[in-house]
Amino acid sequence: MQSYDFLVKLLVEEFGVSPEELMPEATPSGLGLYSLSTIEMVRELEEEFGIKFSNEQVKFSTLGEAAHLADELIGAKES
Amino acid sequence: MSSRRTFVTGIGLVSPHGDDLDDVFERVFAGASAVRVVQPDPDRPGTMLLAPVECDSDHLIPKLAGRFMARASKMAVVAAHHALEASDLLVSGAGPTEAGIYMGCGLGGSEALQEHYARYFANPRKRLRAATTPMIMASGPASHVSMRFGISGPTMTCSMACVSSAAAIGEAFRAIRHGYGDTALAGGAEGQLNTGTLASWRERGHSCTRGRELGSCQRGRATCRDRGVRHRE
């Protein structure tokens, strides 16, 4: 959940995405993020929590899925 | 090869005098100067004579897109918007698909280069933004104009220092004249008002003739007497 909250804050404050558009089911392309902006979103997430998405994990479909993957990586790192 | 007549159908600009074409021409022909004394680096003493551009692009460029654009690219998009509008070639926010883009640009995103590299080198734990490379390229203005207006004809960037834009306009003229295309968006964009670039120009003694009277330029004095004024941006 901490990842999702971070993503929402990041996307609103840094990427200029409207808060109304942000929901777990939202897709990157639906939010106006293309490949480079999605990569930057993931990099910010990785930098914030000290995690690393694999090439496969970067292919998430929704914002909720990205946050879920990040939470799993954070959990694995802390355990 | 037969040659065709070529016409300028519209002009758009973003300049130190603003981006309203009539206002800019009026001020220029009235001999008004947009040059003023600027302290480029708030952390270092010294001023320069510059003609800074205040470019408000928020009404045309959403924040998300702007995050990936250098200042020069934003100015190019605003100027292109005005030019397309003046030519009646802007339809539902899009330009003519088959048109060519001929854009001059010397450095491109030098402020992005400075900002991103400074952050990266200052903190070994920070990663460089993935967007850094495309943002700093001289081809950025042409690329963003192409993407923003859906113009997908021949897209070219001329990067030859101070003659970049003149060369680009010449190439567009030649392309139309000799039948390689019917329409072209031609011009140039640059945005070098960042502390790193200006520090270098200052050391070369450019950007300041009346610096002596204004006490704004130390090392430029000799050069200024010899070369005359050269204003940046």
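Figure 1. A residue is buried if 20 or more other C-beta atoms, placed from the backbone, lie within 10 Å of its own. Helices (H or I, at least four residues) and strands (E, at least two) are DSSP runs, numbered from the N terminus. Both faces of β5(B) are covered, with Ala184(B), Ala186(B) and Gly188(B) on one side and Leu185(B) and Gly187(B) on the other. Residues are numbered from 1 along each chain as its sequence is written, and chains are lettered from A and ligands numbered from 1 in the order in which they are written. In this predicted model, local features need pLDDT of at least 70 and side-chain atom pairs count only at pLDDT 80 or more, while totals for chains, interfaces and linings use all residues.

**Figure 2. Pairing of β3(B) with β5(B).** The two strands run in the parallel sense and are joined over five bridges; strands pair if DSSP finds at least two bridges between them. Gly104(B) stands opposite Gly188(B) of β5(B).

**Figure 3. The largest nonpolar core.** A nonpolar core is a set of buried Ala, Val, Leu, Ile, Met, Phe, Trp, Tyr and Cys residues joined through C-beta atoms within 7 Å. This core has 40 residues, and among those that touch the most other members are Met103(B), Val145(B) and Leu185(B). The largest share, nine residues, comes from α3(B). Leu185(B) touches residues including Ala80(B), Ile101(B) and Ile151(B), not counting residues up to four places away in sequence; two residues are in contact if their C-beta atoms, placed from the backbone, lie within 7 Å.

**Figure 4. Helix α7(B) and its buried face.** The buried residues of α7(B) include Ser164(B), Ala168(B), Glu171(B) and Ile176(B). Seen down the helix axis, the buried residues of α7(B) fall within an arc of 130°, so they line one face of the helix; the arc is that of the directions from the helix axis to the C-beta atoms. These residues pack against β3, β4 and β5 of chain B. Just after α7(B), Gly179(B) takes a positive phi of about 85°.

**Figure 5. Contact between chains A and B.** Nine residues of chain B are in contact with ten residues of chain A.

Key. A residue is buried if 20 or more other C-beta atoms lie within 10 Å of its own, exposed if 12 or fewer, and partly exposed in between; C-beta atoms are placed from the backbone.
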